[in-house]
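Let's take a walk through this model, starting with the overall build and ending with the charged side chains.

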Amino acid sequence: MMQNIFLFIFGGFAYGLIEILYKGSSHISMFIAGGLSFWLIGLLDEGEKNPPLIMQMILSGVIVTIIEFVTGIVVNLRMGLNVWNYVDIPFNIAGQVCLIFSIIWAFLSVLAIVADDYIRYWLFGRKKPEFHFF
């Protein structure tokens with residue numbers, strides 16, 4: 001349980017930091033979205049088989065996009081907080097997610113995948129990470 005809480009908090013802070021570095025600010029909803037995203041991304045290789053890094057990246061991009069979409073529907077459209085709006089970016093859905101950011105998140109997810117695996121190894125006694133791209 002403590003492991004999951006730690007990974008959630010780490011991911012929330014990391015996600016917020018990425019936003020602050022990119023656009024100069026963040027929102028508490030991004031901490032929650034980031035924490036959930038990081039935790040779920042970390043679960044991708046926790047089974048018996050270690051999926052290829054490229055597969056984890058693709059799935060991670062999908063995970064983050066779904067979480068951002070749901071968060072955007074709640075925070076931006078339902079609550080009217082207008083934390084972000086991608087309406088002017090091509091291939092967006094309801095202004096909450098867009099193809100370019102989904103692709104960016106897939107590539108950035110390498111950092112989350114590696115960080116999660118090493119946190120689990122260093123702090124929680126899991127096996128040493130091994131990565132293979134294909």
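Of the 134 residues in the protein chain, 38% are buried, meaning under 20% relative accessible area with a 1.4 Å probe and protein chains only (exposed is over 50%, partly exposed in between). Keep in mind that this is a predicted model, where local features need pLDDT of at least 70, side-chain atom pairs count only at pLDDT 80 or more, and totals for chains, interfaces and linings use all residues. Residues are numbered from 1 along each chain as its sequence is written, and side-chain values use heavy atoms, with hydrogens and water left out.

The chain runs α-α-α-β-β-α, with 4 helices and 2 strands (DSSP runs numbered from the N terminus: H or I of at least four residues, E of at least two).

Now for the charges. The whole structure holds 3 salt bridges, each a side-chain nitrogen of Lys or Arg within 4 Å of a carboxyl oxygen of Asp or Glu. Arg-120 pairs with Glu-46 at 3.6 Å, N to O. Arg-120 sits in helix H4 (residues 99-124) and Glu-46 in the loop between helix H2 (28-43) and helix H3 (53-78), so this pair links parts 74 residues apart in sequence. Arg-120 is buried at 2% relative accessibility, while Glu-46 is partly exposed at 28%.

Glu-46 also meets Arg-126, at 2.1 Å, N to O. Arg-126 lies in the segment after H4, so here the parts tied together are 80 residues apart in sequence.

Finally, Arg-120 bridges to Asp-116 at 2.8 Å, N to O. Shared partners join Glu-46, Asp-116, Arg-120 and Arg-126 into one network.
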